[in-house]
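Please read them with the sequence and the structure side by side.

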Amino acid sequence: MSKLKFLKQTALDRLRSNIGPNQKRYTEDASFLSDYFGGSNWYVESNMVAHESIELHIPTSKSELFDLENTRIVYSALKHLTPVQASDPRLWAYFTHVSHWEYMRSRWPVEQYLGKERLKEVMQERYFFVTDRSRALLRNGMARLWWYGYCSYDKAREDPFELTGPLLKKLDVTQNLLENAFGRNNQITQAVLGVLLEREKEGKEFYVREKVRALAKYIVQLGGVTIIDALAQEEIRELVNGKIEQINGTDAVAA
């Protein structure tokens, strides 16, 4: 086990406000923070620990990003964290800027954004946090791996990460399920993912963008008329299955 380190708030604020002037530093092979701040007074060692070593797979191409494998690694080491603890931008900023710099450089090379208007936005999302907290956890380069695990990890299954597969099957599934009002409720996301996995095994995949979006919209609307948190997983699964059949039926009629 190793203790987790956090950036100090003053260091985080300074980095965040100097993304533009520092953009070239994000193309360097090694983390620049020690030289940038000098000494070691820019971070603190906490009492929180990683229960396993976090040795990530480094992406080698756009077809080998290792998101599923790295989700297993990060969440296995940090699954004891609460959602509140895992929402601390100081923790993830240390991960993205120091301990997992090589992974970040390979997964989101800054060079492709230099001179483009999206540079600051991309840097804010991947190395820091955007304003919207739910979206922030999913866009931060390291926090997203923890959140994927939190929303899909089911210790009752032989493979606790079995549901992580359908979650990461397509980016549309990931975004539509997690970037909304119910995305923080892992009981709901696991129920939905369980249905998607079953349909996949039956040869009836449900991974079309428009269909998944319609399903997510339905669940959000359902939460407005009932206390969805109080429903059992099986009840949620029945509702999800029913909506999927309705969506598929509507498409069949339209065709």
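1. In this predicted model, the side chain of S46 comes within 3.2 Å of the backbone nitrogen of M48. A polar atom of that S46 side chain also lies 2.8 Å from the backbone oxygen of L4. S46 belongs to strand β2, and its contacts, once neighbours within four places in sequence are left aside, are K3, L4 and F6. With a relative accessibility of 14%, S46 counts as buried, because the cut-off for that class is under 20%.

2. S76 sits in helix α4, which covers residues 67-78, and the side chain of S76 reaches the backbone oxygen of R72 at 2.6 Å. Not counting residues up to four places away in sequence, S76 touches E52, T71 and F161. The relative accessible area of S76 is 17%, so this residue too falls under the 20% limit and is classed as buried.

3. What is the class of S34, at 44% relative accessibility? S34 is partly exposed, because 44% lies between the 20% and 50% limits. The residue is found in helix α3, residues 33-37, and, leaving aside neighbours within four places in sequence, S34 is in contact with G39 and W42. The C-alpha atoms of S34 and V98 are separated by 9.1 Å, although the two residues are 64 residues apart along the chain.

4. Two residues of the loop between β2 and α4 deserve a look. F66, which is placed in that loop, has a positive phi of about 60° although it is not a glycine, and with a relative accessible area of 22% F66 is partly exposed. K62 lies in the loop between β2 and α4 as well, and at 79% relative accessibility K62 counts as exposed, because that value is over 50%.

5. In soluble globular proteins, nonpolar side chains tend to be buried together. Apart from neighbours within four places in sequence, W92 is in contact with L78, A86, S87, F129, N140, M142, A143 and W146, a list that includes both L78 and W146.

6. How many of the residues of α9 are buried? The count is 10 of the 10, so α9 is largely enclosed by the rest of the structure. Among these buried residues are A143 and W146, together with R144, W147 and Y148. Helix α11 is mostly covered, six of its eight residues being buried, and the buried ones are D172, V173, T174, N176, L177 and L178.

7. The largest pocket has a volume of about 490 Å³. Of the 20 residues that line it, R107, R126, R144, Y148 and L171 are the closest to the centre, and the elements that give two or more residues to this lining are α7 (119-127), α8 (133-139), α9 (143-152) and α11 (171-178). By residue class, the lining of the largest pocket divides into 10 charged, eight nonpolar and two polar residues. Please note that R144 and Y148, listed here among the residues closest to the pocket centre, are also among the buried residues of α9.

8. The second largest pocket has a volume of about 280 Å³. Its lining is made up of 18 residues, and S2, I54, F95, S99 and H100 lie nearest its centre. Two or more residues of this lining come from each of β1 (2-7), α5 (89-99) and α6 (101-107), and β1 gives the most, with four residues. The lining of the second largest pocket divides into nine nonpolar, four polar and five charged residues.

Notes: Residues are numbered from 1 along each chain as its sequence is written. This is a predicted model: local features need pLDDT of at least 70, side-chain atom pairs count only at pLDDT 80 or more; totals for chains, interfaces and linings use all residues. Side-chain values use heavy atoms; hydrogens and water are left out. On a 1 Å grid over the protein atoms alone, a cavity is a set of points where a 1.4 Å probe fits but cannot get out, and a pocket is an open set with protein on both sides within 12 Å along at least five of seven lines; lining residues have an atom within 4 Å of a point. Grid points are joined across faces, edges and corners, and a volume is the space filled by probe spheres set on the points. Ala, Val, Leu, Ile, Met, Phe, Trp, Tyr, Cys and Pro count as nonpolar, Asp, Glu, Lys and Arg as charged, and the others, Gly among them, as polar. Buried means under 20% relative accessible area, exposed over 50%, partly exposed in between (1.4 Å probe, protein chains only). Contact means heavy atoms within 4.5 Å. A polar contact is a pair of N or O atoms within 3.5 Å; within protein, one must be able to donate a hydrogen and the other to accept it, and residues adjacent in sequence count only if both atoms are side-chain atoms.
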